[in-house]
Amino acid sequence: MKIQLNRSLPIKYVEAENKIVCGQTFMDITEIEDCPAFLLELLEELNIPAEFDYVAERYNQSASEEAYNINEILNNLIEEKIVSYTWEQDRYDRHRLFFELSGMNQADSMNTLRDATVGIIGTGGIGSNVATLLAAAGIGCLKVSDGDLIEESNLTRTTTFKESQIGTLKIDSLKANLAEQNSFCEVHTLTHLLSRDKLHEFISFFSDCDILVLSADPSNAFELIGRLHSEINIPVINAGYLGRMGLVGPIMDAHSKPGFEQLFNRDVFENINTTIRINKKYQAPSYGPLNYIVSSICSHEVIKFITTGNSILKEKRLIINPDNYETLVYDYKKDLNLNSPTQHYPDNGTTDQFDIIADFYKNHREGASLNRVILDDYVKEVILKREYATALDIGCGIGTYSRMLDLCSARVVALDTNKKMLDVAREKGGQIEYIQCDLIEYESDSLFDFIILSLVLDHINDYCSYIKKVRSILSREGRVLCIVPNHVKDSCTSHQNDKMVIENYFYEGVQTKSRLDEHGNFLCELNSFKRNLSTYVNSFIDAGFSLVSIKEPRHPDKMHLGHNFPYFTVLEFKYGN
Ligand SMILES: C[S@@+](CC[C@H](N)C(=O)[O-])C[C@H]1O[C@@H](n2cnc3c(N)ncnc32)[C@H](O)[C@@H]1O
């Protein structure tokens with residue numbers, strides 16, 4: 001197969017430092033230091049596509065003269081997205097570049113979109129724009145429903161319709177216009193408005209869709225989608241308005257809790273108990289420029305959902321302020337979890353989720369992850385301050401800190417309950433004794449001078465027993481470094497750009513968090529235990545420790561949204577007073 005330089009990544013050579021810098025943002029930047037001369041030549045040559053084997057053969061000798069393995073180098077360049085496999089440049093070429101840069105396989109993504117069917121209920125200011133964006137992006141089949149005719153005022157809210165189409169059915173004109181936009185996109189139409197008596201027709205028309213966009217606003221829309229979900233399990237994404245605010249999400253399917261039915265019941269409950277609707281002619285606003293923002297975000301989430309199975313808007317609603325572009329993510333699930341009065345702690349059993357996280361950690365924990373960017377340099381500084389005869393890394397994950405300890409300790413033991421994590425840790429090398437074991441069951445044959453617990457106590461129910469266990473295996477001069485999720489960040493229920501909305505400061509208990517990958521895509525849900533700083537510190541003091549320092553490391557990139565959020569708290573304790 002042919003390979004070439006990634007066309008959408010700036011790749012530069014910094015002559016004074018003899019290094020290659022690829023990428024533009026903290027999410028995609030890679031640096032190659034001490035660049036060997038042959039590599040620079042190879043990269044320059046790869047401006048023109050060439051067969052992998054040809055390149056490997058051509059540079060084999062110069063690479064081995066400098067003690068490099070050319071196949072390994074080429075594969076690393078591909079893995080780091082500096083070099084990519086080429087493809088035929090069709091109409092989707094620039095989309096393919098975007099998918100590749102997003103860490104997705106372009107061919108798989110485009111094939112998945114081609115084979116997908118998306119339903120759109122309502123083809124007004126939002127639905128028609130979503131249809132146009134999805135058809136242009138290569139969705140194979142669209143099913144659209146609407147019973148309305150095009151009016152003059154529609155022409156302000158969407159650019160899909162034309163003056164000559166005023167008076168025609170929206171879905172008929174949309175179908176004709178989409179055929180001109182992308183003749184490969186199949187379009188099927190249903191001439192009805194969403195209503196209770198037509199629901200069975202909607203269910204059979206949309207039954208083979210991969211996802212449905214709800215862009216119609218009858219007042220009982222959520223009730224009808226709830227009923228649809230009692231018969232067919234098709235994910236539905238809502239898009240529209242909340243007052244003057246643009247709104248995208250939630251995405252929910254028949255198994256979601258809450259589902260559309262619960263949202264509808266909640267609205268009904270609020271209406272019955274507190275309000276009486278007076279204006280019978282209520283209509284949501286519809287403003288062209290904002291429709292495009294909502295439609296673009298909705299289309300992007302639909303594409304992500306189809307290609308990856310995930311979306312940041314699962315059970316969440318994104319609200320966009322058109323005055324200052326502030327956004328707010330409202331998390332229904334989190335809200336219900338935290339407000340439930342019947343909270344109780346589950347066991348520590350989150351093994352399955354850690355399997356998923358192990359896959360992510362393998363490739364990204366030491367790359368662009370927030371832990372790497374925010375925590376690792378500080379932790380390294382603390383670790384390398386002293387030398388230790390014995391060190392213990394509890395919940396070591398892929399051994400990031402075990403290997404740092406290996407630089408300054410005669411003996412490093414690392415424990416984790418997850419086998420996958422330990423397999424990756426072992427692969428990464430070092431003179432470290434990796435043991436698959438829960439700390440509470442660990443029978444130590446010696447005391448440790450340094451113990452690190454990084455992001456592990458928050459996954460443990462009976463954490464006080466673990467803290468006592470730590471003390472029982474710590475030497476008299478010993479130090480403990482304990483990293484926990486920041487309690488202020490964990491108390492935040494939503495955020496408006498860089499401002500946090502803190503609603504659950506005093507709540508302590510189970511918290512279900514969505515783990516995201518380096519691109520913000522959903523990985524899995526992880527149960528953890530939210531505890532406040534005072535709880536952790538006092539538990540260590542009660543177990544016989546004293547506090548040496550507290551640090552809340554800050555994201556170093558001033559342009560990053562996270563620069564203003566405290567993600568982690570790093571606590572240093574010593575034995576006794
Ligand atoms: C969020 S990861 C942190 C990994 C690593 N310390 C780091 O900072 O990169 C939490 C790790 O703790 C492990 N873990 C969870 N409960 C544990 C327990 N009771 N005993 C030992 N390890 C545990 C998990 O398997 C997982 O690898």
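In the predicted model, helix 12 is formed by residues 288-308, 21 residues in total. The distance from its first C-alpha to its last is 30 Å, close to the 30 Å expected at 1.5 Å a residue. After helix 12 comes Gly309, which has a positive phi, near 80°.

For Asp416, the distance from a polar side-chain atom to a ligand oxygen is 2.6 Å. In Arg365, an N or O atom of the side chain is 2.8 Å from an oxygen atom of the ligand. An N or O atom in the side chain of Ser454 is likewise found 2.6 Å from a ligand oxygen. On its own the ligand has 600 Å² of accessible area, and the protein covers 97% of it.

Side chains of opposite charge can pair when their charged atoms come close. The count of salt bridges in the model comes to 23. One of them joins the side chains of Lys170 and Asp148, with an N to O distance of 3.9 Å. This pair links distant parts of the chain, 22 residues apart: Lys170 belongs to helix 8 (residues 170-181), while Asp148 is in the loop between strand 8 (141-145) and helix 7 (154-157). Lys170 has a relative accessible area of 7% and is therefore buried, whereas Asp148, with a relative accessible area of 33%, is partly exposed.

A salt bridge also connects the side chains of Lys316 and Asp331, at 4.0 Å from N to O. Here the link is between strand 13 (residues 316-320), which holds Lys316, and strand 14 (residues 327-331), which holds Asp331; the two residues are 15 residues apart. Both Lys316 and Asp331 are buried.

Glu572 and Arg479 form a further salt bridge through their side chains, with 3.4 Å from N to O. Glu572 lies in strand 25 (residues 568-575) and Arg479 in strand 19 (residues 474-485), so that distant parts of the chain, 93 residues apart, are linked. Glu572 is buried, with a relative accessible area of 4%. Arg479, at 19% relative accessibility, also counts as buried, because the cut-off for this class is under 20%.

Technical notes:
Residues numbered from 1 in each chain as written. Predicted model: local features only at pLDDT ≥ 70, side-chain atom pairs only at ≥ 80, totals over all residues. Heavy atoms only, no water. Polar contact = N/O pair within 3.5 Å; in protein donor to acceptor, adjacent residues only side chain to side chain. Areas by Shrake-Rupley, 256 points an atom, 1.4 Å probe, with all protein chains shown as cover. Helix = DSSP H or I, 4+ residues; strand = E, 2+ residues; numbered from the N terminus. Expected span 1.5 Å × (residues − 1). Buried < 20%, exposed > 50% of the residue type's maximum accessible area, 1.4 Å probe, protein only.
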